[in-house]
Amino acid sequence: RFPAKVGESHNSKHSYNTGSAMTMAAAIEDRTADPNAWSSASRIKSVDIVRDLASAEPVWRSLEGPQSSFTPYQRFDFLKPWQANVGAREGLAPFIVIAFDASRRPLLLLPLALRQAYGARCVSFMGGKHSTFNMALWDHDFAASATPADLDGLVSAISQHSEADVLALHQQPVRWRDMPNPLALLPHQHSANDCPLLTMEPGAAPTALISNSFRRRLKGKERKLQALPGYRSHIASTEADITRLLDWFFRVK
């Protein structure tokens, strides 16, 4: 058995196209579960645990298409450099969960990492503090019709891997764009913190896209920057200028 408890932990960071966030915390108690016990009810028929990003890349990128549901923070091109420059240095090892149906069609990919914490082997989302939201990469049709039996199949399969003692899956959106997060089907509780939602209407004035409190914070940061030598502001107005600045930003990121 894999007793799972989901608690909503609303992220204070800004967000778009989503609602509240949740955290799933589950302890693996029985690692001797019979895989045949869940295979008949769940559409998930097999689960692979992949230990390096290169091996997971083909399936990963296949789940980044228009028929999938995922946040920008789970893109392969975002998490590969994070793992190389942050995760590896912090002792995190890839623990990528890929679930398949009976035809070996990928249904979801959980981009996770394994670490030692408080004497236990914990599995959590890759991305750490660099990720605003965490979610699996879901096949759109599967996510739209996922059932508790499907999730039981997923967690039962993960529970058979003795390397992991605890799943700590933080900052998951309950919904993303037009899709529910299937992991929200698991029991959960509300958090004391909220997760802001900003609706961007077409043609809205720029001042309407930033809240008053966020505008005040930006002005406070600008005042501090103005005291630094060489500080200046610049608005990119051409495609080449935009590309140059974005390339520079992501190198720094």
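Student: Which residues touch the most other members of the largest nonpolar core?

Tutor: This is a predicted model, in which local features need pLDDT of at least 70, side-chain atom pairs count only at pLDDT 80 or more, and totals for chains, interfaces and linings use all residues. Residues are numbered from 1 along each chain as its sequence is written, and side-chain values use heavy atoms, leaving out hydrogens and water. A nonpolar core is a set of buried Ala, Val, Leu, Ile, Met, Phe, Trp, Tyr and Cys residues joined through side-chain atoms within 4.5 Å, where buried means under 20% relative accessible area with a 1.4 Å probe, protein chains only. Of its 51 residues, those that touch the most other members are Trp60, Val97, Leu110, Leu112, Trp138 and Leu154.

Student: Which strand gives the largest share of this core?

Tutor: Strands are DSSP runs of E, at least two residues long, and helices are runs of H or I, at least four, numbered from the N terminus. Ten of the twelve residues in β6 are buried. The largest share of the core, seven residues, comes from residues 106–117, strand β6.

Student: How many bridges pair β5 with β6?

Tutor: Two strands pair if DSSP finds at least two bridges between them. β5 and β6 form a hairpin with five residues between them, and Arg104 in the turn has a positive phi of about 65°. One of the bridges has Ala99 facing Leu108 of β6. Their pairing is antiparallel, and the number of bridges is eight.

Student: And which residue in the turn between β6 and β7 has a positive phi?

Tutor: β7 covers residues 120–125 and pairs with β6 in the antiparallel sense over six bridges. Within this pair, Leu114 stands opposite Val123. The hairpin has two residues between its strands, and the one in the turn with a positive phi, about 55°, is Tyr118.

Student: What is the bridge partner of Leu109 in β8?

Tutor: Strand β8 is made of residues 137–139, and two bridges join β6 to it, running antiparallel. The bridge partner of Leu109 there is Leu137.

Student: Within what arc do the buried residues of α3 fall?

Tutor: Phe76, Phe78, Leu79, Trp82, Gln83, Val86 and Gly87 are buried in α3. The arc is that of the directions from the helix axis to the C-beta atoms. Seen down the axis, these buried residues of α3 line one face of the helix, because they fall within an arc of 150°.

Conventions: Buried < 20%, exposed > 50% of the residue type's maximum accessible area, 1.4 Å probe, protein only.
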